[in-house]
Amino acid sequence: MGGSENGATDNQNKPTETSLSPDSIINLDQGDPTLFEPYWKKMGDKCTLVIGGCDLMSYFSDSSNICWFLQPQLGDAIKGLHRVVGNAVTDGRHIVVGTGSTQLSMAALYALSSPSASHPVSLVAAAPYYSGYKDQAEFLRSGLYKWEGDAHTFDKDGPYIEVVTSPNNPDGTIREAVVNLGEGKLVYDLAYYWPQYTPITHPLDHDIMLFTFSKCTGHAGSRIGWALVKDKEVARKMTEYMQISSIGVSKESQLRAAKILGVLSEGCQHFRTADSENFFEYSHRIMRERWESLQNVVKNSKIFSLPKFPQDYCNFTGKYTDSNPAFAWLHSKEDIDWESLLREHKIIGRSGERFGADPKYVRISMFSPPEAFNLFLERLSAIIDNTNGNVVGGEESSIIK
């Protein structure tokens, strides 16, 4: 998915390829960011890492650190990147590394729950919320916490945890906490608070902030995420969860992430110069082109629409920039089951119902390979032509219920 390791075969060095036909099924359900692969291929040996057979054999990385399995090189790379981008405060924070931000979100729930409580702590997120939160909370049937759904309608007394995703998955909006009651604790999921997706308006400063390597650089296969945690005891309990669930995190993955984050930070030092296009410039351009292509198709529809995002000043780029979310949140003003409609045209999206919203919404990944994305645009254009032709004079198409 990302830059190849030393000793990779010719096939492993090739970018992700597709061989789509007009009848191929296009899966736009998942956020697999392989579209950034060409950039890292251009980096060549800059991201190459050689690990000897006798290296990294111990469980421990730094026994003096709360997160004793965090490789110091990765901790330094994380702090360096946030400092360059300006999207999060790292001073006075403990870094907890995890196998992706999914494991870290579970660790945060464990750390913020009380095993001695008479009732599980309520877990909420404002709809439309990331569909994975409900799945993760209910998977183990834990007695520590209970999924309570939409934060907008939550009104129970007692402790609660609210997950705030900003920019939000699925709709790309900038979010703040909704419930704001006395006994609440907040977890900020900031997977998409990077310059390719949204303007960086200020460094965020929250008690628990989650980030993921996969959405920052596109290296989803390395399975690395990190949490910036203000409270020492919360960081200790999150580390305890990691110790129990996986006895740490792969050192090989950590060192690869440290290497690539270092290359990324170094590229940002030459930002706004003629030396080269850094990763954030490249990925912002790719995302912007995709959004413009999709908007040009959807604007021809009489019933379908996309969210509109105002420009904002980005401190990283030094200019006003657009938001280019990782997912498109398509809406129909008519009573259409979007997911079913797309499946009729061999397109797989994720229904709005999975996000606590209406089936008239569907989430579409903007991360697909170019061939798949272009074929999606062709099919969506045909759907729009069909629906436009069937709402003339108030008559409804057979796909409009």
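This is a predicted model: local features need pLDDT of at least 70, side-chain atom pairs count only at pLDDT 80 or more; totals for chains, interfaces and linings use all residues.
User: Okay. Which residues of α5 are buried?

Analyst: Start with the cut-offs: buried means under 20% relative accessible area, exposed over 50%, and partly exposed in between (1.4 Å probe, protein chains only). In α5, which spans residues 131-139, the buried ones are S131, G132, Y133, Q136 and A137.

User: And what covers the buried residues of α5?

Analyst: To answer that, look for contacts, meaning heavy atoms within 4.5 Å. The cover includes helix α4 (100-112), along with the strands β3 (121-125), β4 (145-150), β5 (160-165), β6 and β14 (350-351).

User: Now for charges. How many salt bridges does the structure hold?

Analyst: Look for a side-chain nitrogen of Lys or Arg within 4 Å of a carboxyl oxygen of Asp or Glu; that is a salt bridge. There are 11 salt bridges here. Take R285 and E289 as one case: their closest N and O atoms are 3.6 Å apart. Both sit in helix α9 (residues 279-298), four residues apart, about one turn of the helix.

User: Why do residues three or four places apart point the same way in an α-helix?

Analyst: An α-helix has 3.6 residues a turn, so residues at that spacing point the same way. Another pair to look at is E233 with R236, a salt bridge of 2.6 Å, N to O. These two are in helix α7, three residues apart, about one turn of the helix. E233 is partly exposed at 42% relative accessible area, and R236 is partly exposed too, at 38%.

User: Which parts of the chain does the salt bridge between D207 and K230 link?

Analyst: D207 and K230 meet through their side chains at 3.5 Å, N to O. This pair links distant parts of the chain, 23 residues apart: D207 is in the loop between β6 (184-189) and β7 (208-212), while K230 is in the loop between β8 (225-229) and α7 (232-246). D207 counts as partly exposed because its relative accessibility is 47%. For K230 the value is 36%, which also counts as partly exposed.

User: Is R93 buried or exposed?

Analyst: R93 is buried, because its relative accessibility is 11%. You'll find R93 in the loop between α3 (72-85) and β2 (94-98). Skipping neighbours within four places in sequence, R93 is in contact with D205, H206, M209, L228, V229 and K230.

User: Let's do helix pairs. At what angle do α3 and α8 pack?

Analyst: Picture lines fitted to C-alpha atoms over the stretch in contact; the angle between their N-to-C directions runs from 0 to 180 degrees. For α3 and helix α8 (residues 251-268) the angle is about 25 degrees, and the axes are 8 Å apart. That makes α3 roughly parallel to α8; the cut-offs are under 35 degrees for roughly parallel, over 145 for roughly antiparallel, 65 to 115 for roughly perpendicular, and oblique for the rest.

User: Which residues of α3 and α8 meet?

Analyst: From α3 come Q73, L74, A77, I78, G80, L81 and V84, and they meet Q254, L255, A257, A258, L261, L264, S265 and C268 of α8.

User: And at what angle do α9 and α11 pack?

Analyst: α9 and helix α11 (residues 370-389) pack at about 15 degrees, with axes 9 Å apart. That makes α9 roughly parallel to α11. In α9, the residues in contact are R290, S293, L294, V297 and V298, and in α11 they are P370, F373, F376, L377, L380, S381 and I384.

User: Is P370 buried or exposed?

Analyst: P370 is exposed, at 53% relative accessible area. P370 and T212 are 158 residues apart in sequence and 23 Å apart in space, C-alpha to C-alpha.

Notes
Residues are numbered from 1 along each chain as its sequence is written. Side-chain values use heavy atoms; hydrogens and water are left out.
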